[in-house]
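Okay, thanks for making time, everyone.

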Amino acid sequence: MGSKPPLILSSLDLERIEALLAGIPSSALAGKAELQAELDRADVLSPEEMPPNVVTMNSTVQFTMLETGKELRLTLVYPRDMDGSADKVSILAPVGSALLGLSVGDELAWPGPAGKAMTVRVTDILYQPERAGELHR
């Protein structure tokens, strides 16, 4: 897999995620170091400066599985907002942490069935709090 796409995070999301991570021992979260590394390499903007095509917390993202053409929609949420619905993904899940900060058109490897990686492309952001003017949601 090539170089990772650039990540753009809002300063508010970054603060909240770092506070969340600070309360979780590394032993309790398999991908903690990886998520922290992603946060560390991101370009950080204020919520007001967020481009409308970037995945932020509480964004609803549409993407396509390139291998199958199947479309999926997921909303990226904090663990406290997980309610068991299939269309929400936690920032602490590998898929959630991979989505954060991506832009429309970016692709990521997705753990597929039987351990076979699939490629998904972000095709649209159906809702983004910053774009909707909800800068401190």
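Predicted model: local features only at pLDDT ≥ 70, side-chain atom pairs only at ≥ 80, totals over all residues.

The largest pocket holds about 560 Å³ of space, and 24 residues line it, with Lys4, Glu38, Pro94, Ser97 and Ala98 lying nearest the centre. Elements giving two or more residues to that lining are α2 (32-41), α3 (94-99) and β6 (107-111). The top contributor is α2, with 6 residues.

Now, the core. Which residues touch the most other members of the largest nonpolar core? Those are Ile17, Leu99, Leu100 and Trp110, out of 30 residues. Two or more residues each come from α1 (11-22), α2, β3 (60-65), β4 (71-77), α3, β6 and β7 (117-127), and β7 gives the largest share, 4 residues. Zoom in on Leu100: leaving aside neighbours within four places in sequence, its contacts include Leu7, Leu9, Ile17, Leu39 and Ile91.

Stepping back, the chain has 3 helices and 7 strands, running β-α-α-β-β-β-β-α-β-β from the N terminus. For contacts with a separation of 6 or more, 57% join residues 24 or more positions apart. Buried residues make up 42% of the 137 in the chain.

And the overall size? The C-alpha trace spans about 35 × 35 × 35 Å along its principal axes.

Terms used. Residues numbered from 1 in each chain as written. Heavy atoms only, no water. 1 Å grid on protein atoms, 1.4 Å probe; cavity = no way out; pocket = protein on both sides within 12 Å on 5 of 7 lines; lining within 4 Å. Points joined across faces, edges and corners; volume = space filled by probe spheres on them. Core = buried A, V, L, I, M, F, W, Y, C linked by side-chain atoms within 4.5 Å. Buried < 20%, exposed > 50% of the residue type's maximum accessible area, 1.4 Å probe, protein only. Contact = heavy atoms within 4.5 Å.
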